[in-house]
Structure formats: structure tokens, C-alpha cells
Amino acid sequence: MESFKNLGISEPVLRSISDAKFESPSEIQEKSIPLIIAGKDVIAGSATGSGKTLAFGSGIIQSSEKGKGLQALVLVPTRELAEQVAKAITQFSKYRPLGIIAVYGGVGINPQIQGLRTADVVVGTPGRLLDHIARNTIKLGRVKILVLDEADRMFDMGFKDDVEKIIRKCPQERQTLLFSATINKDVVRLSRSHMKNPLQVSVTSFVDPKKLHQIYYDIGEDLKFSLLVHLLKNEDSNLVMVFCNTKRNTDKVAKNLKSANIDAMAIHGGLPQGKRNNILENFHSGKVCVLVCTDVAARGLDIPHVSHVYNYDIPRESKQYIHRIGRTARAGAEGKAINILSSKDYDNFSQVLKENNVDIIEEHLPVIEKVAARMPEGRMNKPIVRKVPRNNRRRRLY
Ligand code: AMP
């Protein structure tokens with residue numbers, strides 16, 4: 001606890017940290033909390049899993065007072081992240097209670113309007129926040145701290161103009177904290193226009209390479225699904241995330257896994273919010289152990305105990321790869337990232353390797369049984385047993 005105290009964290013927050021049984025600050029906490037508490041504008045290069053919520057949360061909790069109007073606004077890219085961040089700040093403000101509310105689209109606006117009347121801290125997605133601004137149901141005149149969480153993601157999702165509009169509605173005299181996995185041109189531009197002498201801190205890596213084992217299998221398209229089933233049945237795993245590049249593939253893979261008696265659920269942006277929340281709850285609680293998802297649905301989610309991340313489709317952009325594998329090997333735990341490649345993934349995979357300098361080892365193909373699967377194209381693969389030689393040479397693509 002001494003190490004947290006040395007960062008300048010106040011007693012009530014220290015008590016909640018002690019309840020959470022955190023032993024020592026994470027790298028981003030160590031680097032950013034003293035600056036945040038000193039009231040500086042900070043640009044922090046860090047992804048989910050780095051402990052960033054406590055970093056900005058401790059600043060918010062210490063500078064906010066219950067019943068004094070909306071004093072801290074956190075902008076986040078997704079509904080799930082809004083819920084998650086609001087929950088984390090509520091947890092850390094246990095001994096200094098504040099009115100904290102998450103506002104996002106896809107759910108009724110009236111309960112939010114009610115909650116906003118007494119909120120001290122608001123965590124929201126840009127679209128719904130603009131809606132509240134237009135309706136005059138949110139008052140930003142007393143905001144002291146503005147946090148842009150996962151700024152790069154908000155830009156990727158096309159929220160750049162919305163974010164700027166919201167920033168302009170906040171008082172000029174404020175502290176601005178920007179968290180982003182990548183510090184790209186848009187992030188730099190935004191910080192130049194809207195931050196005051198920002199100090200930049202970043203963590204050296206998102207995942208601990210010693211704890212994360214990254215492998216790939218190179219296999220024919222017709223055996224891809226069968227290999228996934230084989231690995232899911234044979235790997236010693238806890239919670240598992242399987243990434244696909246499209247909603248359509250996500251649904252198909254989850255459906256086919258269920259047919260192969262694997263308890264899987266699909267989550268993507270096309271599902272109604274209530275359903276997404278339900279699926280996530282089931283996954284969190286371990287009722288469903290395999291979550292098949294798109295990048296959008298999974299981005300920013302803090303789900304502990306994910307032991308395996310599968311890339312059933314290799315992502316188009318290398319930074320998505322980093323975000324995906326960042327779901328596992330967190331908080332000191334071991335993790336495994338498994339890439340299942342067929343020829344159509346080669347280009348994307350080369351990109352991932354080139355841009356990220358990651359070390360991914362080719363694994364021998366196991367002997368697998370072909371599993372019947374209805375593929376996105378609608379054709380049915382007939383079940384046949386096929387053996388793949390064990391003695392494939394281990395090699396690296398790069
Ligand atoms: P975040 O990057 O804020 O999404 O946090 C990722 C996870 O790390 C959350 O489950 C936090 O509760 C946890 N966490 C945050 N700070 C620490 C810490 N200092 N030690 C251990 N776990 C932490």
C-alpha cells in the first residue's frame with residue numbers, strides 16, 4: 001500500500017485499492033497518477049489491462065465532491081466500456097461515494113435523464129452524450145476533469161467530430177486526460193487543440209512477452225473450423241475468446257461450435273444492448289466459456305481469466321492484433337494467443353508480423369477429425385476423417 005500512497009493517492013481510495021487486493025501500482029499508474037493528482041494535462045499511451053481506469057479514476061475521485069454538480073466527464077468509445085469504467089470508478093470511490101452514471105445509446109434515455117440530475121461523474125459514449133447536450137439534460141459548466149478514454153478507438157469509430165463538439169462544450173479551465181493505445185496523428189492533433197502543455201507518459205508494452213505464448217497453425221481453409229474445435233476441446237483453458245473479422249463469421253462460428261457441443265456465444269455490434277450485456281455477464285461468470293466476437297464488441301472489455309485468444313480470422317490491421325492478444329496474459333497471469341491461418345490470411349498475418357515485431361511460432365498441426373460445419377458461404381462440409389502429418393517443420397514466417 002505504501003507504493004500507492006507514495007503516488008499521492010488519498011486515504012479513501014487507498015482503502016478501496018487495499019480491498020481490491022492490488023499489491024503494487026502498474027506501470028501506467030506509477031507514471032501517470034502523480035501528474036494527474038498534480039492537476040496536469042496528461043497523454044497516456046496505454047491499452048486496456050494496463051490499469052488505466054484506476055489512474056484517471058483516482059484523480060476524478062479525489063477532485064470530485066458529492067452533490068456539487070457534474071465535475072468529471074469520461075468519454076469512451078463503446079457501451080460496454082462505459083459500463084465497465086463507471087463500475088470501476090464506483091468500486092474505487094466506495095469510501096468517498098459519488099453519483100456516477102454511465103450513459104450510452106441503445107437503451108432508454110429517461111432513466112439517464114433522471115440520473116444526470118444528481119450525477120457528479122458521467123461516463124458516456126459520444127453519440128448519446130451529444131443527444132443529452134441537445135436536450136439540455138446534461139450540464140457541463142462545472143466539469144473540472146475531462147477524460148478521453150481509448151481516444152484512438154473513438155477516432156477509428158468515426159467519433160472525431162462528436163468528441164470535438166463535446167470538448168468545446170466543457171469549460172476551458174479544466175484538466176484533460178487522454179488515454180490511447182496508440183498515439184497517432186489524430187491524437188496528437190486533438191491534444192494540440194484541446195490540451196494545455198500536456199505531459200506524455202507511456203508503458204513499454206501492452207502484454208508481458210514472458211507470460212504470453214503466441215503461436216500459429218497454417219492449415220487449409222477446409223480444416224480451419226475442425227482445428228478450432230480440436231484445440232478448444234484439447235487445450236487446457238479457462239475463458240476463451242475467438243476473434244472473427246465480420247459479424248457474419250462470428251455468428252456462424254458460434255453456431256457451428258454449438259453444433260459441435262461447445263458452449264459458445266457470439267457477440268458483435270449488431271446485437272441489441274440488453275442481449276450483449278447478458279452474453280457478457282454469462283461469459284464473466286463462466287457460464288459460457290467461449291466468446292466468439294468481433295473487434296468492436298471486445299475492445300476495451302476487462303474480462304479477467306481469459307486464458308486463450310484465438311484469431312480465427314487474422315485481423316486486417318496490426319494494431320487490432322495487439323488489442324486482441326491484450327485480452328489475455330493480464331495482471332500477471334499466463335496466456336496463449338493462437339492464430340489459425342489459411343492462405344487467405346497470409347497478407348494480414350505478414351502485416352501483423354512486420355508492424356509489431358511480435359514473435360509468433362509455428363506449431364505442429366495435430367491429428368484432427370474433420371467436423372461438419374456450415375460455412376458462411378452456406379455450403380456444408382462433409383465429415384470425413386483426415387490425418388495431418390505430425391512432423392511439420394517448426395518455422396517462423398518472418
Ligand atoms: P484497466 O486497464 O483499467 O481496464 O484495468 C485492468 C484490470 O487490472 C482491472 O481488472 C483492474 O481491476 C486491474 N488492476 C488495475 N490496477 C491494478 C494493480 N495495480 N494491480 C493489480 N490489478 C490491477
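Over the ring of which residue does the charged end of R15 sit? The charged end of R15 sits over the ring of Y95, 3.9 Å from its centre, where a charge counts as sitting over a ring if NZ of Lys or CZ of Arg is within 6 Å of the ring centre and within 35 degrees of the ring normal. The charged end of K224 likewise sits over a ring, that of Y312, at 5.1 Å from its centre.

This is a predicted model, in which local features need pLDDT of at least 70 and side-chain atom pairs count only at pLDDT 80 or more, while totals for chains, interfaces and linings use all residues. Residues are numbered from 1 along each chain as its sequence is written, and side-chain values use heavy atoms, with hydrogens and water left out.

## The chain as a whole

The secondary structure of the protein chain comes to 16 helices and 16 strands, these being DSSP runs numbered from the N terminus, with helices of type H or I and at least four residues, and strands of type E and at least two. Of the 398 residues in the protein chain, 56% are buried; buried means under 20% relative accessible area, exposed over 50%, and partly exposed in between, with a 1.4 Å probe and protein chains only. Among contacts with a separation of 6 or more, 74% are between residues 24 or more positions apart, a contact being heavy atoms within 4.5 Å.

An open sheet of seven strands, with parallel pairing, has the order 3-4-2-5-6-1-7. Its edge strands, each of which pairs on one side only, are strand 3 (100-103) and strand 7 (199-202), and the twist averages 15° from one strand to the next. Two strands pair if DSSP finds at least two bridges between them.

Strand 5 (residues 145-148) pairs in the parallel sense with strand 6 (residues 175-180) over four bridges, and four bridges also join strand 2 to strand 5, which run parallel. I145 in strand 5 is the bridge partner of A72, and the bridge partner of I145 in strand 6 is Q175. L148 stands opposite L178 in strand 6. From strand 5, I145 and V147 point one way and L146 and L148 the other way, and all of these are buried.

| Helix | Strands it lies across | Direction |
|---|---|---|
| Helix 3 (residues 27-37) | strand 1 (42-45), strand 6 and strand 7 | about 165° to strand 7 |
| Helix 4 (residues 52-63) | strand 2 (72-75), strand 4 (121-124), strand 5 and strand 6 | about 165° to strand 5 |

## Two loop residues with positive phi

Most residues other than glycine have a negative phi. K21, in the loop between helix 2 (11-19) and helix 3, has a positive phi near 60° and is not a glycine. E150, found in the loop between strand 5 and helix 8 (151-156), also has a positive phi, of about 55°, although it is not a glycine.

Is each of these residues buried or exposed? K21 is exposed, with a relative accessible area of 69%, whereas E150 counts as buried at 4% relative accessibility.

Technical notes. Axes are lines fitted to C-alpha atoms, for helices over the stretch in contact, and angles run from 0 to 180 degrees between N-to-C directions.
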